[in-house]
Amino acid sequence: MSNSTVDASKRTWLIASSCVGAVGAGFTAVPFVSSFQPSERAKAAGAPVEVDISALQPGQKMTVEWRGKPVWIVRRTPEQIAGLKKLDSEVADPESKRTAYPIPDYAKNEGRSIKPEYLVVVGICTHLGCSPTDKFQPGPQPSLPDDWQGGFLCPCHGSTFDLAGRVFKNKPAPDNLEVPPHMYLSDSRIVIGEDKKSA
């Protein structure tokens, strides 16, 4: 056997071994690299949520889940919308200027909404994370002022919010209810968790 024959067989063996090793390393690396990708469950938890609001009547509220949080969609009546202006002097932050979370520009108005008829807020009190209850009926009620115009009451520590999610003065909650990013696909469909600027 000549040296050239030995060298050729060694070279073939080395090339074959290297190829097998590279393929094996590739198969090992794929699951490792894939482990850095978010799971389908994690993607779903933060994914935008499309909501059909066609059945929501004036004066009603529906709740959907986004990122593990309850998001309220309230369809306000014309009377409820008109009553918001009267409460500007009673709420702590009427124009949503002092917030611990980012607020979309389209929520920096009296109704805190894109369309005055609809309110979209995260249903978690900004004090300690309890979920306020609906108190849409105006008038005197337990734990509420006699001139109550309708809104939300946090049962944990008594914070009250109007029908724009604005917290009343001298209450434990430091901020208005959070307005999540959202946009309208049509008059009857909303996407929670995405808006035109971030889309």
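Biologist: How do strand S6 and S7 pair, and over how many bridges?

Modeller: They run antiparallel, with 3 bridges between them; S6 covers residues 151-153. Keep in mind that this is a predicted model.

Biologist: Which residue in S7 stands opposite Leu 153?

Modeller: That's Thr 160.

Biologist: And what's the strand order in the sheet that holds S5, S6 and S7?

Modeller: The order is S5-S6-S7, in an open sheet of 3 strands with antiparallel pairing. S5 (133-135) and S7 sit at the edges, each pairing on one side only. From one strand to the next, the twist averages 30°.

Biologist: Let's look at Asp 162. Which strand is it in?

Modeller: Asp 162 belongs to strand S7, which spans residues 160-162.

Biologist: Is Asp 162 buried or exposed, and why?

Modeller: Buried, because its relative accessibility is 0%, and the cut-off for buried is under 20%.

Biologist: What does the Asp 162 side chain reach?

Modeller: It reaches the backbone nitrogen of Ala 164, at 2.9 Å.

Biologist: Which residues is Asp 162 in contact with, leaving aside neighbours within four places in sequence?

Modeller: Leu 84, Leu 87, Val 91, Gly 150, Gly 151, Phe 152 and Phe 168. Gly 151 and Phe 152 in that list fall within S6, residues 151-153.

Biologist: Switching topic: which residues touch the most other members in the largest nonpolar core?

Modeller: Val 121, Phe 152, Phe 161 and Leu 177, out of 19 residues in that core. S3 and S4 each supply at least two of its residues.

Biologist: What does Leu 177 touch, not counting residues up to four places away in sequence?

Modeller: Quite a list: Trp 72, Tyr 101, Arg 112, Val 121, Val 122, Ile 124, Cys 125, Thr 126, Phe 152, Phe 161 and Gly 165.

Biologist: How many residues are in the second, separate core?

Modeller: It has 13 residues, including Ile 53, Val 64, Val 71 and Tyr 184.

Biologist: Back to Trp 72. Which residue in S4 is its bridge partner?

Modeller: Val 121. Leu 177 touches both Trp 72 and Val 121.

Biologist: Over how many bridges do strand S3 and S4 pair?

Modeller: 5 bridges, in the antiparallel sense, with S3 at residues 69-75.

Biologist: And what's the order in the open sheet with S2, S3 and S4?

Modeller: S2-S3-S4, so 3 strands with antiparallel pairing. The edge strands are S2 (60-66) and S4 (118-122). The twist there averages 20° from one strand to the next.

Methods. Residues are numbered from 1 along each chain as its sequence is written. This is a predicted model: local features need pLDDT of at least 70, side-chain atom pairs count only at pLDDT 80 or more; totals for chains, interfaces and linings use all residues. Side-chain values use heavy atoms; hydrogens and water are left out. Two strands pair if DSSP finds at least two bridges between them. Helices (H or I, at least four residues) and strands (E, at least two) are DSSP runs, numbered from the N terminus. Axes are lines fitted to C-alpha atoms, for helices over the stretch in contact, and angles run from 0 to 180 degrees between N-to-C directions. Buried means under 20% relative accessible area, exposed over 50%, partly exposed in between (1.4 Å probe, protein chains only). A polar contact is a pair of N or O atoms within 3.5 Å; within protein, one must be able to donate a hydrogen and the other to accept it, and residues adjacent in sequence count only if both atoms are side-chain atoms. Contact means heavy atoms within 4.5 Å. A nonpolar core is a set of buried Ala, Val, Leu, Ile, Met, Phe, Trp, Tyr and Cys residues joined through side-chain atoms within 4.5 Å.
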